[in-house]
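Welcome! Take each one step by step.

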Amino acid sequence: MVLIGPERTSARTTPRSRRLVLVQAVGRNMPGLLLAVLAVAVAAGVHALWPGVPMLTAAVVLGVVAAHLPRVGGFVRSTGRAGLSTAGKRLMRAGIVLLGLKLSLGDVVALGWESLVMVVGVVAATFFGTRWLGRRIGLSDDQSLLVATGYAICGASAIGAVSSVLGKSEHDERHEAEVASSVALVTLCGTLAIVVLPLLKGPLGMDAVEFGRWVGAGVHDVGQVVATAQTAGPDALTEGVLVKLIRVAMLAPLVAGVAFTLHHRRAQGAGGEAEAQAGAEAQGRRPALVPLFVAGFLVMAALRSTGLVTPGLLEAADTAQELLLAAALFGLGSAVYFPTLTRSGAKLATLGLGAWVLVGSAAYAGVLLTS
(Lines give C-alpha, C1' and ligand atoms only; values in the text may rest on other atoms or scores of the structure.)
Protein backbone atom coordinates (compact mmCIF):
# COMPACT_ATOMS: atom_id res chain seq x y z
CA MET A 1 0.00 0.00 0.00
CA VAL A 2 2.89 2.30 0.62
CA LEU A 3 3.96 2.04 -2.99
CA ILE A 4 0.56 2.63 -4.55
CA GLY A 5 0.17 6.23 -3.43
CA PRO A 6 3.36 7.57 -5.05
CA GLU A 7 2.62 5.67 -8.23
CA ARG A 8 -0.85 7.20 -8.52
CA THR A 9 0.48 10.66 -7.74
CA SER A 10 3.16 10.24 -10.40
CA ALA A 11 0.56 9.09 -12.91
CA ARG A 12 -1.66 12.12 -12.20
CA THR A 13 1.21 14.57 -12.57
CA THR A 14 2.81 13.00 -15.65
CA PRO A 15 0.88 15.01 -18.30
CA ARG A 16 1.63 18.28 -16.52
CA SER A 17 5.27 17.29 -16.13
CA ARG A 18 5.51 16.46 -19.81
CA ARG A 19 4.07 19.82 -20.78
CA LEU A 20 6.53 21.55 -18.50
CA VAL A 21 9.42 19.61 -19.98
CA LEU A 22 8.24 20.47 -23.50
CA VAL A 23 8.01 24.18 -22.68
CA GLN A 24 11.47 24.12 -21.11
CA ALA A 25 12.89 22.28 -24.14
CA VAL A 26 11.42 24.83 -26.53
CA GLY A 27 12.87 27.65 -24.47
CA ARG A 28 16.32 26.07 -24.43
CA ASN A 29 16.36 25.26 -28.13
CA MET A 30 14.73 28.32 -29.64
CA PRO A 31 17.76 30.73 -29.56
CA GLY A 32 20.08 28.26 -31.28
CA LEU A 33 17.47 27.18 -33.83
CA LEU A 34 16.74 30.79 -34.75
CA LEU A 35 20.47 31.36 -35.30
CA ALA A 36 20.58 28.26 -37.51
CA VAL A 37 17.66 29.57 -39.60
CA LEU A 38 19.46 32.89 -40.04
CA ALA A 39 22.64 31.06 -41.03
CA VAL A 40 20.77 29.02 -43.65
CA ALA A 41 19.49 32.24 -45.20
CA VAL A 42 23.02 33.65 -45.31
CA ALA A 43 24.39 30.39 -46.79
CA ALA A 44 21.69 30.48 -49.47
CA GLY A 45 22.70 34.06 -50.27
CA VAL A 46 26.36 33.07 -50.55
CA HIS A 47 25.43 30.27 -52.94
CA ALA A 48 23.28 32.64 -55.01
CA LEU A 49 26.15 35.12 -55.34
CA TRP A 50 28.82 32.46 -55.95
CA PRO A 51 27.16 29.34 -57.43
CA GLY A 52 30.48 27.48 -57.23
CA VAL A 53 30.17 27.46 -53.43
CA PRO A 54 27.61 24.78 -52.39
CA MET A 55 25.11 25.96 -49.79
CA LEU A 56 26.01 23.08 -47.46
CA THR A 57 29.69 23.99 -47.60
CA ALA A 58 28.84 27.61 -46.87
CA ALA A 59 26.73 26.51 -43.89
CA VAL A 60 29.60 24.54 -42.36
CA VAL A 61 32.02 27.42 -42.82
CA LEU A 62 29.55 29.88 -41.31
CA GLY A 63 29.20 27.62 -38.29
CA VAL A 64 32.95 27.49 -37.74
CA VAL A 65 33.24 31.25 -38.18
CA ALA A 66 30.36 31.89 -35.76
CA ALA A 67 32.05 29.82 -33.08
CA HIS A 68 35.11 32.10 -33.19
CA LEU A 69 33.55 35.56 -33.45
CA PRO A 70 34.05 37.55 -30.23
CA ARG A 71 30.41 37.97 -29.17
CA VAL A 72 28.63 35.40 -31.31
CA GLY A 73 31.05 32.68 -30.19
CA GLY A 74 30.05 33.15 -26.57
CA PHE A 75 26.38 32.83 -27.53
CA VAL A 76 27.11 29.73 -29.61
CA ARG A 77 28.87 27.99 -26.73
CA SER A 78 26.27 28.92 -24.10
CA THR A 79 22.70 30.07 -24.78
CA GLY A 80 22.58 28.79 -28.36
CA ARG A 81 24.30 25.46 -27.74
CA ALA A 82 21.14 23.43 -27.02
CA GLY A 83 19.34 24.52 -30.18
CA LEU A 84 22.44 24.13 -32.35
CA SER A 85 22.98 20.61 -31.00
CA THR A 86 19.35 19.80 -31.78
CA ALA A 87 19.83 21.11 -35.32
CA GLY A 88 22.96 19.01 -35.76
CA LYS A 89 21.16 15.82 -34.70
CA ARG A 90 17.41 16.03 -35.27
CA LEU A 91 17.36 18.09 -38.45
CA MET A 92 20.20 15.98 -39.85
CA ARG A 93 18.05 12.86 -39.47
CA ALA A 94 15.10 14.49 -41.21
CA GLY A 95 17.33 15.58 -44.09
CA ILE A 96 18.73 12.05 -44.46
CA VAL A 97 15.21 10.62 -44.71
CA LEU A 98 14.48 12.97 -47.63
CA LEU A 99 17.83 12.03 -49.18
CA GLY A 100 16.28 8.64 -49.94
CA LEU A 101 14.11 10.26 -52.61
CA LYS A 102 17.24 10.78 -54.71
CA LEU A 103 17.58 7.03 -55.20
CA SER A 104 15.44 4.55 -57.14
CA LEU A 105 15.78 0.84 -57.82
CA GLY A 106 15.89 1.55 -61.55
CA ASP A 107 19.01 3.65 -61.10
CA VAL A 108 20.71 0.78 -59.29
CA VAL A 109 19.77 -1.79 -61.94
CA ALA A 110 20.88 0.49 -64.78
CA LEU A 111 24.47 0.49 -63.57
CA GLY A 112 24.90 -3.28 -63.84
CA TRP A 113 26.33 -5.77 -61.37
CA GLU A 114 29.98 -4.92 -62.13
CA SER A 115 29.49 -1.31 -61.10
CA LEU A 116 27.63 -2.38 -57.98
CA VAL A 117 30.49 -4.67 -56.97
CA MET A 118 32.96 -1.87 -57.67
CA VAL A 119 31.10 0.58 -55.45
CA VAL A 120 30.80 -1.94 -52.61
CA GLY A 121 34.53 -2.66 -52.87
CA VAL A 122 35.47 1.03 -52.79
CA VAL A 123 33.22 1.68 -49.80
CA ALA A 124 34.59 -1.31 -47.88
CA ALA A 125 38.23 -0.50 -48.64
CA THR A 126 37.79 3.14 -47.66
CA PHE A 127 35.80 2.44 -44.51
CA PHE A 128 38.00 -0.28 -43.03
CA GLY A 129 41.26 1.27 -44.28
CA THR A 130 40.43 4.65 -42.73
CA ARG A 131 39.40 3.08 -39.43
CA TRP A 132 42.67 1.14 -39.30
CA LEU A 133 44.72 4.24 -40.08
CA GLY A 134 42.86 6.32 -37.48
CA ARG A 135 43.64 3.80 -34.77
CA ARG A 136 47.28 3.54 -35.83
CA ILE A 137 47.88 7.28 -35.48
CA GLY A 138 46.15 7.44 -32.10
CA LEU A 139 42.72 8.97 -32.75
CA SER A 140 39.71 7.82 -30.75
CA ASP A 141 37.62 4.95 -32.06
CA ASP A 142 34.61 7.25 -32.48
CA GLN A 143 36.58 9.86 -34.45
CA SER A 144 38.05 7.19 -36.73
CA LEU A 145 34.58 5.75 -37.31
CA LEU A 146 33.09 9.14 -38.15
CA VAL A 147 35.83 10.08 -40.63
CA ALA A 148 35.73 6.62 -42.21
CA THR A 149 31.98 6.86 -42.71
CA GLY A 150 32.18 10.34 -44.20
CA TYR A 151 34.82 9.39 -46.75
CA ALA A 152 33.28 6.02 -47.62
CA ILE A 153 29.64 7.06 -48.09
CA CYS A 154 28.41 10.62 -48.51
CA GLY A 155 30.35 13.10 -46.42
CA ALA A 156 28.66 15.14 -43.72
CA SER A 157 25.28 13.40 -44.05
CA ALA A 158 26.82 10.00 -43.31
CA ILE A 159 28.79 11.38 -40.36
CA GLY A 160 25.61 12.83 -38.89
CA ALA A 161 23.77 9.54 -39.43
CA VAL A 162 26.38 7.41 -37.68
CA SER A 163 26.85 9.87 -34.84
CA SER A 164 23.12 9.56 -34.13
CA VAL A 165 23.39 5.86 -33.27
CA LEU A 166 26.49 5.94 -31.07
CA GLY A 167 24.40 6.42 -27.93
CA LYS A 168 26.15 9.61 -26.82
CA SER A 169 24.58 12.22 -24.60
CA GLU A 170 23.36 15.34 -26.36
CA HIS A 171 25.49 17.31 -23.90
CA ASP A 172 28.71 15.40 -24.64
CA GLU A 173 30.93 18.27 -25.78
CA ARG A 174 33.83 16.02 -26.72
CA HIS A 175 31.62 13.97 -29.04
CA GLU A 176 30.16 17.11 -30.59
CA ALA A 177 33.67 18.40 -31.27
CA GLU A 178 34.65 15.09 -32.88
CA VAL A 179 31.57 15.14 -35.11
CA ALA A 180 32.12 18.77 -36.08
CA SER A 181 35.82 18.36 -36.84
CA SER A 182 35.08 15.24 -38.93
CA VAL A 183 32.47 17.17 -40.91
CA ALA A 184 34.89 20.05 -41.43
CA LEU A 185 37.61 17.67 -42.61
CA VAL A 186 35.48 15.73 -45.08
CA THR A 187 33.92 18.94 -46.39
CA LEU A 188 37.35 20.48 -46.95
CA CYS A 189 38.69 17.47 -48.85
CA GLY A 190 35.52 17.13 -50.89
CA THR A 191 35.72 20.78 -51.86
CA LEU A 192 39.37 20.45 -52.84
CA ALA A 193 38.39 17.51 -55.06
CA ILE A 194 36.37 19.89 -57.24
CA VAL A 195 39.65 21.57 -58.21
CA VAL A 196 42.13 18.69 -58.04
CA LEU A 197 40.34 15.79 -59.80
CA PRO A 198 39.64 17.55 -63.14
CA LEU A 199 43.37 18.32 -63.36
CA LEU A 200 44.13 14.58 -63.09
CA LYS A 201 41.72 13.45 -65.82
CA GLY A 202 44.21 13.97 -68.66
CA PRO A 203 47.33 12.55 -66.94
CA LEU A 204 45.38 9.45 -65.89
CA GLY A 205 44.10 8.92 -69.44
CA MET A 206 40.41 8.76 -68.55
CA ASP A 207 37.52 9.39 -70.93
CA ALA A 208 34.38 11.23 -69.84
CA VAL A 209 32.47 8.15 -68.64
CA GLU A 210 35.44 6.76 -66.71
CA PHE A 211 36.07 10.14 -65.12
CA GLY A 212 32.43 10.40 -64.07
CA ARG A 213 32.51 6.97 -62.46
CA TRP A 214 35.76 7.82 -60.68
CA VAL A 215 34.28 11.02 -59.31
CA GLY A 216 31.07 9.27 -58.24
CA ALA A 217 33.01 6.56 -56.42
CA GLY A 218 35.61 8.84 -54.84
CA VAL A 219 34.08 12.24 -54.01
CA HIS A 220 32.12 12.59 -50.79
CA ASP A 221 29.04 14.83 -51.13
CA VAL A 222 26.45 14.62 -53.92
CA GLY A 223 26.80 18.34 -54.65
CA GLN A 224 30.58 18.01 -54.85
CA VAL A 225 30.19 15.09 -57.27
CA VAL A 226 27.98 17.23 -59.50
CA ALA A 227 30.42 20.16 -59.40
CA THR A 228 33.40 17.92 -60.20
CA ALA A 229 31.89 15.59 -62.82
CA GLN A 230 30.21 18.34 -64.86
CA THR A 231 33.66 19.66 -65.84
CA ALA A 232 33.94 16.66 -68.22
CA GLY A 233 30.52 17.03 -69.83
CA PRO A 234 27.00 15.56 -69.53
CA ASP A 235 28.07 11.91 -69.89
CA ALA A 236 30.49 12.23 -67.01
CA LEU A 237 27.86 14.01 -64.92
CA THR A 238 25.21 11.33 -65.48
CA GLU A 239 27.60 8.48 -64.69
CA GLY A 240 29.01 10.26 -61.67
CA VAL A 241 25.62 10.94 -60.09
CA LEU A 242 24.40 7.35 -60.64
CA VAL A 243 27.51 5.84 -59.03
CA LYS A 244 27.31 8.33 -56.21
CA LEU A 245 23.70 7.46 -55.46
CA ILE A 246 24.67 3.81 -55.10
CA ARG A 247 27.14 4.89 -52.43
CA VAL A 248 24.36 6.86 -50.76
CA ALA A 249 22.23 3.68 -50.72
CA MET A 250 24.93 1.98 -48.65
CA LEU A 251 24.33 4.47 -45.85
CA ALA A 252 21.41 2.40 -44.54
CA PRO A 253 23.23 -0.96 -44.13
CA LEU A 254 26.31 0.76 -42.72
CA VAL A 255 24.38 2.65 -40.02
CA ALA A 256 22.38 -0.47 -39.21
CA GLY A 257 25.66 -2.39 -38.94
CA VAL A 258 27.10 0.15 -36.50
CA ALA A 259 23.94 -0.01 -34.37
CA PHE A 260 24.01 -3.81 -34.41
CA THR A 261 27.65 -3.83 -33.34
CA LEU A 262 26.81 -1.60 -30.37
CA HIS A 263 24.10 -4.04 -29.28
CA HIS A 264 26.42 -7.00 -29.76
CA ARG A 265 29.23 -5.45 -27.71
CA ARG A 266 26.82 -4.58 -24.93
CA ALA A 267 25.37 -8.09 -24.89
CA GLN A 268 28.78 -9.77 -24.93
CA GLY A 269 30.34 -7.38 -22.43
CA ALA A 270 33.04 -6.36 -24.91
CA GLY A 271 35.28 -3.33 -24.55
CA GLY A 272 33.51 0.01 -24.65
CA GLU A 273 30.35 -1.32 -22.94
CA ALA A 274 30.50 1.11 -20.05
CA GLU A 275 30.81 4.14 -22.32
CA ALA A 276 28.06 2.99 -24.67
CA GLN A 277 25.77 2.12 -21.77
CA ALA A 278 26.36 5.48 -20.10
CA GLY A 279 25.57 7.28 -23.34
CA ALA A 280 22.43 5.22 -23.86
CA GLU A 281 21.24 5.95 -20.33
CA ALA A 282 21.90 9.65 -20.87
CA GLN A 283 19.68 9.49 -23.93
CA GLY A 284 17.03 7.51 -22.04
CA ARG A 285 17.13 4.67 -24.60
CA ARG A 286 19.41 2.28 -26.43
CA PRO A 287 20.28 2.70 -30.12
CA ALA A 288 17.84 0.76 -32.30
CA LEU A 289 19.10 -2.08 -34.45
CA VAL A 290 17.63 -0.26 -37.46
CA PRO A 291 17.29 3.44 -36.55
CA LEU A 292 13.99 5.06 -37.48
CA PHE A 293 15.58 7.61 -39.81
CA VAL A 294 17.39 4.80 -41.68
CA ALA A 295 14.07 3.01 -42.14
CA GLY A 296 12.65 6.32 -43.36
CA PHE A 297 15.49 6.64 -45.86
CA LEU A 298 14.68 3.17 -47.26
CA VAL A 299 10.96 3.94 -47.41
CA MET A 300 11.65 7.13 -49.39
CA ALA A 301 13.89 5.21 -51.80
CA ALA A 302 11.17 2.58 -52.26
CA LEU A 303 8.59 5.32 -52.83
CA ARG A 304 10.80 6.93 -55.48
CA SER A 305 11.11 3.54 -57.20
CA THR A 306 7.34 3.29 -57.67
CA GLY A 307 7.33 6.23 -60.06
CA LEU A 308 4.41 7.80 -58.21
CA VAL A 309 6.40 10.77 -56.91
CA THR A 310 5.82 13.77 -59.18
CA PRO A 311 8.70 15.98 -60.37
CA GLY A 312 7.24 18.89 -58.42
CA LEU A 313 7.22 16.90 -55.19
CA LEU A 314 10.78 15.72 -55.81
CA GLU A 315 11.91 19.29 -56.33
CA ALA A 316 10.19 20.42 -53.12
CA ALA A 317 11.69 17.52 -51.18
CA ASP A 318 15.14 18.32 -52.58
CA THR A 319 14.81 21.92 -51.43
CA ALA A 320 13.60 20.86 -47.98
CA GLN A 321 16.44 18.34 -47.67
CA GLU A 322 19.05 20.95 -48.53
CA LEU A 323 17.61 23.44 -46.02
CA LEU A 324 17.48 20.84 -43.25
CA LEU A 325 21.01 19.64 -43.92
CA ALA A 326 22.29 23.22 -44.12
CA ALA A 327 20.82 24.00 -40.69
CA ALA A 328 22.26 20.75 -39.31
CA LEU A 329 25.71 21.41 -40.76
CA PHE A 330 25.73 24.93 -39.36
CA GLY A 331 24.97 23.42 -35.96
CA LEU A 332 27.80 20.92 -36.36
CA GLY A 333 30.20 23.56 -37.67
CA SER A 334 29.48 25.81 -34.70
CA ALA A 335 30.84 23.08 -32.41
CA VAL A 336 34.29 23.39 -34.01
CA TYR A 337 36.37 25.46 -31.61
CA PHE A 338 40.01 25.43 -32.62
CA PRO A 339 41.51 25.87 -29.13
CA THR A 340 39.93 22.54 -28.14
CA LEU A 341 41.14 20.78 -31.32
CA THR A 342 44.84 21.59 -31.11
CA ARG A 343 45.73 18.26 -29.51
CA SER A 344 44.33 16.12 -32.32
CA GLY A 345 44.67 18.62 -35.18
CA ALA A 346 47.80 17.14 -36.78
CA LYS A 347 46.58 13.57 -36.34
CA LEU A 348 43.19 14.41 -37.80
CA ALA A 349 44.78 16.15 -40.79
CA THR A 350 46.99 13.09 -41.35
CA LEU A 351 43.97 10.81 -41.29
CA GLY A 352 42.10 13.10 -43.68
CA LEU A 353 44.94 13.13 -46.20
CA GLY A 354 45.44 9.37 -45.93
CA ALA A 355 41.73 8.66 -46.34
CA TRP A 356 41.52 11.01 -49.32
CA VAL A 357 44.35 9.18 -51.08
CA LEU A 358 42.79 5.84 -50.15
CA VAL A 359 39.32 6.55 -51.52
CA GLY A 360 40.73 8.13 -54.69
CA SER A 361 43.06 5.18 -55.33
CA ALA A 362 40.40 2.57 -54.58
CA ALA A 363 37.91 4.33 -56.86
CA TYR A 364 40.47 4.61 -59.67
CA ALA A 365 41.38 0.92 -59.38
CA GLY A 366 37.68 0.02 -59.41
CA VAL A 367 37.07 2.02 -62.59
CA LEU A 368 40.04 0.38 -64.34
CA LEU A 369 38.88 -3.12 -63.38
CA THR A 370 35.31 -2.57 -64.58
CA SER A 371 35.95 -0.61 -67.78
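A residue counts as buried when its relative accessible area is under 20%. Keep in mind that this model is predicted.

**Exercise 1.** Find out how many residues of helix 8 are buried.

*Solution.* Start by going through helix 8, residues 156-163. The buried residues there are A156, S157, A158, I159, G160, A161, V162 and S163. That is eight of the eight residues, so helix 8 is largely enclosed by the rest of the structure.

**Exercise 2.** Describe how helix 7 and helix 8 cross.

*Solution.* First, locate helix 7 at residues 141-152. Next, look at the two axes: they come within 7 Å and cross at roughly 140 degrees.

**Exercise 3.** List the residues that make the contact between the two helices, then sort them by class.

*Solution.* Helix 7 contributes L145, L146, T149 and G150. From helix 8 come A158, I159, V162 and S163. Sorted by class, the contact has five nonpolar and three polar residues, with no charged ones.

**Exercise 4.** Decide whether C154 and C189 are buried or exposed, and state how many disulfides the structure holds.

*Solution.* Take C154 first: its relative accessibility is 2%, so C154 counts as buried. C189 has a relative accessible area of 6%, and is therefore buried too. As for the last part, a disulfide is a covalent bond between the sulfur atoms of two cysteines. The structure holds zero disulfides.

Notes. Residues numbered from 1 in each chain as written. Predicted model: local features only at pLDDT ≥ 70, side-chain atom pairs only at ≥ 80, totals over all residues. Heavy atoms only, no water. Axes fitted to C-alpha atoms, helices over the stretch in contact; angles between N-to-C directions. Helix = DSSP H or I, 4+ residues; strand = E, 2+ residues; numbered from the N terminus. Contact = heavy atoms within 4.5 Å. Nonpolar A, V, L, I, M, F, W, Y, C, P; charged D, E, K, R; others polar. Buried < 20%, exposed > 50% of the residue type's maximum accessible area, 1.4 Å probe, protein only. Disulfide = S-S within 2.5 Å.
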